[in-house]
Amino acid sequence: MAKEEASPQADLPGHGADVLPSVTVDSYNIEIEDQDGFIGDKASRSAFMEYVDKWRKPLRELGEDPFGDKPTEELSKKKLADLLATGEPEAAGLVLSAIEEFAQQLAFVIRRYLRTKDWRDTECVSIGGGFRGSRLGELAVARAALLLRAEDIDIDLELIRHDPDEAGLIGAAHLLPPWMLKGHDGILAVDIGGTNFRTGVVELNLGKSADLAKAKVAKSELWRHGDEEVDREGATDRLTEMLQDLLSWSRKNKIELAPVIGIGCPGIIEDDGSIDRGGQNLPGNWESSRFNLPQIIRENIDQIGDSETMIVIHNDAVVQGLSELPYMKDRSHWGILTIGTGLGNARFTNRKAPKKSKAKSSAD
């Protein structure tokens with residue numbers, strides 16, 4: 001989604017803002033359809049497992065399926081990666097075939113995005129999400145990059161630098177202008193996903209790097225809501241408890257927190273913090289006009305230290321993408337794709353001119 005106009009400056013953080021301290025968010029959560037449905041569905045984790053199942057079929061008919069009767073959806077990424085590395089040739093070939101098909105689809109999705117107005121002139125795409133954290137994902141991304149290069153498409157594909165489980169927390173710090181972070185050791189961050197809720201204390205390390213390049217997750221908690229039958233109220237109560245636990249941990253460890261909680265959440269985020277659409281995988285109806293996550297959290301955590309709590313929420317792909325900001329200073333336009341339950345997407349334009357390396361003089 002792209003909003004039509006952007007404010008020329010971003011002094012205070014706003015929910016789902018187009019203009020952030022270091023970048024303009026050109027678009028996020030764009031939904032492109034073809035005859036088969038949304039094209040992003042072709043490059044999600046579930047799509048990869050469908051490709052695995054497709055290539056199991058001929059071996060199954062021969063009684064040679066290396067996974068026996070185990071359902072494909074129960075296969076772990078680690079098991080598949082181990083088979084690729086050390087399994088029998090037929091099993092390794094099965095996994096390799098699924099990787100190839102997924103890479104073809106990922107390259108197709110990227111080509112299609114690049115044809116849109118908002119993604120035109122994109123120089124680099126970072127690949128994040130849980131699938132990126134596996135060897136399977138790394139190989140699929142590398143293969144997709146080769147396919148695009150073979151077609152003379154001038155774009156770099158890169159894996160996000162941070163662990164995918166931490167990138168969605170670290171990126172929350174980039175939602176805030178630098179002056180709000182000065183004098184503080186860290187912030188609380190939340191990464192809401194279709195399967196997991198993750199909360200964390202992001203240690204800013206501003207003394208080591210003013211651009212947050214040295215930011216790290218000092219403490220985190222994970223709750224797999226997808227494994228439980230829980231309603232919306234139960235989910236938000238659990239989320240609040242996780243944040244309160246981290247507040248207690250920070251006090252005990254003398255970590256001075258900024259009075260801010262940054263949240264990444266699936267869907268289109270309105271300026272009042274509500275979710276317009278895209279929250280269908282979350283427990284309960286998060287798109288209701290009577291539901292506002294920032295308001296609920298602030299009612300339960302009204303102060304951090306001696307100051308009133310400020311909540312800022314943005315799309316989860318946007319927030320994960322922001323974790324890459326320290327490494328994108330030589331780009332003007334760049335994007336992120338997060339491969340997980342679905343395929344998240346966001347495109348950014350840096351608000352400062354790229355830092356190009358100085359050319360050597362003829363005398364050197």
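A residue is called buried when its relative accessible area is under 20%. By this criterion, strand β7, spanning residues 197–203, is mostly covered in the predicted model, as six of its seven residues are buried.

Strand β7 belongs to an open sheet of five strands, arranged in the order β8-β7-β6-β9-β12 with mixed pairing. The edges of this sheet are formed by β8 and by β12 (residues 310–315), each of which pairs on one side only. Between neighbouring strands of the sheet, the average turn is 20°, direction ignored. On one side, β7 pairs with strand β6 (residues 186–192) in the antiparallel sense over seven bridges, and Ile192 stands opposite Phe197 of β7. The two strands form a hairpin, with four residues between them. Strand β7 also pairs with β8 (residues 216–223), again in the antiparallel sense and over seven bridges; here Thr199 has Glu221 of β8 as its bridge partner. The pairing of β9 (residues 257–265) with β12, by contrast, is parallel and comprises six bridges. Within this pair, Cys265 stands opposite Asn315 in β12.

Helix α7, residues 232–252, lies across β6, β7, β8 and β9 and runs at about 25° to β7. Helix α8, residues 293–300, lies across β6, β9 and β12, with an angle of about 150° to β12.

A further open sheet of five strands has the order β1-β14-β13-β4-β5, and its pairing is likewise mixed. Strands β1 (residues 23–28) and β5 (residues 156–159) stand at its edges with a single partner strand each, so one side of each is left without a neighbour in the sheet. Neighbouring strands of this sheet are turned by 25° against each other on average, direction ignored. The partner of β1 is β14 (residues 343–350), to which β1 is joined by five bridges in an antiparallel arrangement; Tyr28 has Ala346 in β14 as its bridge partner. Helix α3 (residues 89–114) lies across β5, β13 and β14, and runs at about 140° to β13, which covers residues 333–339.

The largest nonpolar core contains 64 residues, and those with the most contacts inside this core are Ile192, Ile261, Ile263 and Trp286. Leaving aside residues up to four places away in sequence, Trp286 touches Ile192, Phe197, Arg232, Ala235, Thr236, Cys265, Ile275, Phe291 and Leu293.

The largest pocket holds about 1,400 Å³ of space. Its lining consists of 49 residues, of which Gly194, Asp316, Gly340, Thr341 and Gly342 lie nearest the centre of the pocket. The elements that give two or more residues to this lining are α5 (residues 164–170), β6, β7, α9 (residues 316–322), β13 and β14. Among these elements, β6 and β7 are strands of the sheet ordered β8-β7-β6-β9-β12, whereas β13 and β14 belong to the sheet ordered β1-β14-β13-β4-β5.

Technical notes:
Residues numbered from 1 in each chain as written. Predicted model: local features only at pLDDT ≥ 70, side-chain atom pairs only at ≥ 80, totals over all residues. Heavy atoms only, no water. Pairing = 2+ DSSP bridges. Axes fitted to C-alpha atoms, helices over the stretch in contact; angles between N-to-C directions. Contact = heavy atoms within 4.5 Å. Buried < 20%, exposed > 50% of the residue type's maximum accessible area, 1.4 Å probe, protein only. Core = buried A, V, L, I, M, F, W, Y, C linked by side-chain atoms within 4.5 Å. 1 Å grid on protein atoms, 1.4 Å probe; cavity = no way out; pocket = protein on both sides within 12 Å on 5 of 7 lines; lining within 4 Å. Points joined across faces, edges and corners; volume = space filled by probe spheres on them.
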